[in-house]
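Where do charged side chains pair in this model, and how open to solvent are the partners? Look through the structure below with that in mind.

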Amino acid sequence: MPVIKIFYSETLDAAVREQNETIQAGLEHMMREVLRADPAKCQVVFSCSTFVTPLPVYVDMQFRANEYRQGAVIETAMDKVVDVVGKALSTGIRIRAFAIDQSTLYARDVD
């Protein structure tokens with residue numbers, strides 16, 4: 001289930017378009033290796049925004065809570081996200097990570 005949403009300033013749109021495959025591959029690798037996520041359930045979303053503050057990139061990371069995904073693991077995951085996105089875009093990043101209680105999580109795919 002991990003979902004990483006990357007909101008970036010419209011001034012970075014060209015750089016994101018150029019680097020999106022590299023960013024996505026790096027983040028999916030982190031989700032599989034660090035968060036131990038099912039590859040079929042990893043999601044990366046890019047969204048160009050007209051207003052991002054105080055830094056030009058805001059990353060929102062959500063994941064299912066479990067015993068493994070605690071403090072040190074989440075810190076490592078956040079560090080990896082900052083490393084991947086920061087290297088690709090050469091800019092500052094604000095990141096937040098949220099554990100979602102599985103008992104309140106509902107999801108479905110609709111064709």
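Asp83 is partly exposed, at 37% relative accessibility. This is a predicted model. The side chain of Asp83 meets that of Lys87 in a salt bridge, 3.6 Å from N to O. Lys87 is exposed, with a relative accessible area of 63%. Both residues belong to helix 2 (residues 71-89). They sit four residues apart, about one turn of the helix.

Helix 1 holds another pair. Asp13 forms a salt bridge with Arg17, and the closest N and O atoms are 2.9 Å apart. Helix 1 spans residues 13-33, and these two partners are four residues apart in it, so about one helical turn separates them. Asp13 counts as buried, because its relative accessibility of 18% falls under the 20% cut-off. Arg17 is exposed, with a relative accessible area of 60%.

Now turn to the strands. Lys5 forms a salt bridge with Asp60. Their closest N and O atoms are 3.8 Å apart, which is within the 4 Å limit. Lys5 lies in strand 1 (residues 3-9) and Asp60 in strand 3 (residues 57-64), so this pair ties together parts that are 55 residues apart in sequence. Asp60 is buried, at 10% relative accessibility. Lys5 is partly exposed, at 24%.

Why can such pairs form? Side chains of opposite charge can pair when their charged atoms come close. The count of salt bridges comes to three.

Technical notes: Residues are numbered from 1 along each chain as its sequence is written. This is a predicted model: local features need pLDDT of at least 70, side-chain atom pairs count only at pLDDT 80 or more; totals for chains, interfaces and linings use all residues. Side-chain values use heavy atoms; hydrogens and water are left out. Helices (H or I, at least four residues) and strands (E, at least two) are DSSP runs, numbered from the N terminus. Buried means under 20% relative accessible area, exposed over 50%, partly exposed in between (1.4 Å probe, protein chains only).
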